[in-house]
2 protein chains.
Amino acid sequence: MSLVLIEMKLKKQSNGVSIMRIIIDAMGGDNAPGEIVKGALAAIEEYEADILLVGDKERIEEIAGKNLGHRVEIWHTDKILTMRDEPRSILYEKSDTSVGLALKLLKENEGNALVSSGNTGALLVGSSIIVGCMPGIKRPALGALIPFSNKTLLIDAGANLEVSPENFKVSPENFKQFAIMGSIYMDKFIGRKNPTVRLANIGEEENIGTPLLKEVYKLLKECKMINFVGNIEGNKMPTHCSDILLADGFTGNIILKLTEGFRTYIKDMLKEALTNDVFSKIETLAEKSSFKKTYSLFDPEYDAAPFFGIKRLVLKTRGNAHAEHIKSAVRQALFLLKSDFTDEIERQLQDKK
Amino acid sequence: MSLVLIEMKLKKQSNGVSIMRIIIDAMGGDNAPGEIVKGALAAIEEYEADILLVGDKERIEEIAGKNLGHRVEIWHTDKILTMRDEPRSILYEKSDTSVGLALKLLKENEGNALVSSGNTGALLVGSSIIVGCMPGIKRPALGALIPFSNKTLLIDAGANLEVSPENFKVSPENFKQFAIMGSIYMDKFIGRKNPTVRLANIGEEENIGTPLLKEVYKLLKECKMINFVGNIEGNKMPTHCSDILLADGFTGNIILKLTEGFRTYIKDMLKEALTNDVFSKIETLAEKSSFKKTYSLFDPEYDAAPFFGIKRLVLKTRGNAHAEHIKSAVRQALFLLKSDFTDEIERQLQDKK
């Protein structure tokens, strides 16, 4: 254990009630620490959770003012890992940054889950090496629910880029593991029985796409543990997607963010285009089920994405997270903790072996 | 020259007027030959163009019935290249398929341009090898205009997948050529002076993305022939995109088709959600400029994508093209022919050397 951890003297729960504690990387993302701290404070107002903020004590206290109650603690570091830093630096020269320390604190059971808006690559490497992968899992992945006509789990939503050297590349076996973990999640947590899996590709036929995707297709087709129903093209995704949409991390990131971009674009255009009269009429229609769908598309639930395949719960929020996203990530962390997300995935993975 | 071409006895224009002739691969795509033939017939109704349909004579005549006038000719073949066929087969065992023959006919000046909805990879290989690349161009690319808040040229929209072996991979130099050709097009044909170029990526920072994209960024930054303004993420694309959006063919295909998918999705939802009363009110608002934008987003112009870097004009329409897409592709081919698309790109490429 590092010196840093030996030196830790965090106040322990003493009231006998088991209150979840969420560790938050206060310095990660475009709007840190301001929006992160505000989100954390909003979360403790509403939810039964304690918060451990990891970051620059002085700046955090300045933002929080008098609102820092006994349910928020700060673990100080003035070191920051930026978007420009190499992911692997989190293991070495950047291990004492807010996200590096936050991962160690999670590993040492100083909190039940970790929320970060920072460098995704570093969070992937740090989660895998510092916290550790579930037995048999070779690469973890981010899984994000996206608001297609049916809510779809996009996995990998941005963790694994294709990186050289060769042995770091995402392999067909990795895709298969993403599909299995995603299927467990959609079945157990979202209530989709025998959930369907599709592979994001440039055509529907079997022998299509990059050489990697052709291999992935073969492997998925043979896998008895999932309900693989074939490739899917971009134009079918919003309206005809499966329960699980498989992609490599780069493609997943493009799909996730372009979906967000269109939501914003169309919402803005409609607001601008419709007169107040029409717009208010639309709002009275909001109870119609079909319109509810449109409406929820326009008002994302700010879902954070959990890492699938990591032993403890790590949630990534968008890089440009605002306070509402952080608050929502805490809510989501509490939901997943209460429903034993990591244990359930690990148990089912073992059962399915 | 192949026997097939020596045997050709196509009727030549004899009236002294130079009428453009568009070669259409009648058997390519999901809805061939029915929709392709209908689209071709619709095109000659409206535009000053002759058509050369390449495909199964009997089936084409059956679809066209009595509508086959003297302005449509058929070049018969009953061989078809499918989506499952390997792209390079177009040079060998599949060279006598409709798309293989269509490319030879274009090469031999039997038409001014070619439209196909078939296998994109085969069309890329066939265009490059049978018709030929412009001097200095290493890989051609598909360029598609997409309806973001400003019309954006997406290049490569789906031609170049990352394919092994190593020497077939898309290189940073290829991306640079895509950017240069795209810039010429947006300047000369769409009237965007000093058009901006962005690279599709998972973050805005310089040192981000796959190793390939990091290299591409460096090369684009140094290139004096384009106005490169950095990376762009998916969430910014619809509202804050540049004039040119650079991507590899796989990513480009996902972006292009997901854009189409969202258009359909939102349009359907709004139609379902709004009462006729409100919907008709919206239509009366269609003249408002901001609403026009929304409206045009919902009603795509069915743009076909030309290959950039091929000596002659080759247009790819979507795989699921209907008659209206084919008709629109003919219109677009005529526009590009009249404005000397290929000559202009080639000339400017030489000037910029």
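This is a predicted model: local features need pLDDT of at least 70, side-chain atom pairs count only at pLDDT 80 or more; totals for chains, interfaces and linings use all residues.

Arg347(B) makes a salt bridge with Glu344(B), and their closest N and O atoms lie 2.7 Å apart. The two residues sit 3 apart in helix H13 of chain B, residues 341-352, so about one helical turn separates them. Glu344(B), at 15% relative accessibility, is buried because the cut-off is under 20%.

There is also a network in chain A: Arg21(A), Glu73(A) and Glu110(A) are joined by salt bridges that share partners.

Back to chain B. Asp243(B) and Arg192(B) meet through their side chains in a salt bridge, 2.6 Å from N to O. This pair links distant parts of the chain, 51 residues apart. Asp243(B) is in the loop between helix H8 (237-240) and strand E9 (244-246), and Arg192(B) is in the loop between helix H6 (172-188) and strand E7 (196-200). Are these two buried or exposed? Asp243(B) is buried at 13% relative accessibility, and Arg192(B) is buried at 19%.

Next, Lys236(B) and Glu204(B) form a salt bridge, with 2.9 Å between the closest N and O atoms. They too connect distant parts of the chain, 32 residues apart. Lys236(B) lies in the loop between strand E8 (227-232) and H8, while Glu204(B) lies in the loop between E7 and helix H7 (211-222). Lys236(B) is partly exposed at 30%, and Glu204(B) is partly exposed at 39%.

Over all chains, the count is 34 salt bridges.

Conventions
Residues are numbered from 1 along each chain as its sequence is written. Chains are lettered from A and ligands numbered from 1 in the order in which they are written. Side-chain values use heavy atoms; hydrogens and water are left out. A salt bridge is a side-chain nitrogen of Lys or Arg within 4 Å of a carboxyl oxygen of Asp or Glu. Helices (H or I, at least four residues) and strands (E, at least two) are DSSP runs, numbered from the N terminus. Buried means under 20% relative accessible area, exposed over 50%, partly exposed in between (1.4 Å probe, protein chains only).
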